[in-house]
Amino acid sequence: MGTVTLGVSIAVPEPHGSLLQERRAGFGDLAAYGIPTHVTLLPPTEVDSGALPAVRAHLAAVATAGRPFAMRLSGTGTFRPLSPVVFVQVVEGGSACSWLQERVRDTAGPLARELQFPYHPHVTVAHGIAEEAMDRAYTELSEYTAAWTCASFALYEQGTDAVWRKLNTYAFGGGVAGVPAQGSPVDEHATTL
């Protein structure tokens, strides 16, 4: 049957998502256009493709238990020297993100896994690029702010081309909004939950 690489995240809405994606590309991060701007709830995780129905059901249950919350981004931070990442900080909504990611990775669920580093909600704007470009990202976005009400999260699959494509959006309080993956046929399971 094979495996798929999945991720779960909160999308940064427009116009903020595109703006940060453009800035990330402008700093020289070649992965910018293959990764929608987001706050990670589950980092890239390899699962058996046969587990997708269970994953979808699990995420729908997590979303049902969730409620919309305020999200606010402000300023920059970095994980350097531990990890070559510059990010925009989540200054409001972080505790809700932490609550969600714990439930997504629940040990009884199909996405149970340990994290390499302690969970820290953020929006990556530079990763693995030259130090000078990382410094530029840190400085140039230090005044950046954005705010919105987070009402959902999404399941993504990474293609063989390294591009992340949305499979489903899960609205808080219940409900699944199925969306076809970009550039792929409609997933027959996307609207069956």
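Visitor: What should I know before reading the numbers?
Guide: In this predicted model, local features need pLDDT of at least 70 and side-chain atom pairs count only at pLDDT 80 or more, while totals for chains, interfaces and linings use all residues. Residues are numbered from 1 along each chain as its sequence is written, and side-chain values use heavy atoms, with hydrogens and water left out.

Visitor: Is His-38 buried or exposed?
Guide: Buried means under 20% relative accessible area, exposed over 50%, partly exposed in between (1.4 Å probe, protein chains only). His-38 has 18%, so it is buried.

Visitor: Which residues does His-38 touch?
Guide: Contact means heavy atoms within 4.5 Å. Not counting residues up to four places away in sequence, His-38 touches Ser-9, Ile-10, Ala-11, Val-12, His-122 and Val-123. Thr-124 is 86 residues from His-38 in sequence, yet their C-alpha atoms are 7.8 Å apart.

Visitor: How many cavities are there of 30 Å³ or more?
Guide: On a 1 Å grid over the protein atoms alone, a cavity is a set of points where a 1.4 Å probe fits but cannot get out; lining residues have an atom within 4 Å of a point. Grid points are joined across faces, edges and corners, and volume is the space filled by probe spheres set on the points. The count is one, and the largest cavity holds about 40 Å³.

Visitor: What lines the largest cavity?
Guide: Leu-20, Gln-21, Arg-24, Ala-32, Ile-35, Thr-37, Thr-124 and Val-125 do.

Key:
1 Å grid on protein atoms, 1.4 Å probe; cavity = no way out; pocket = protein on both sides within 12 Å on 5 of 7 lines; lining within 4 Å.
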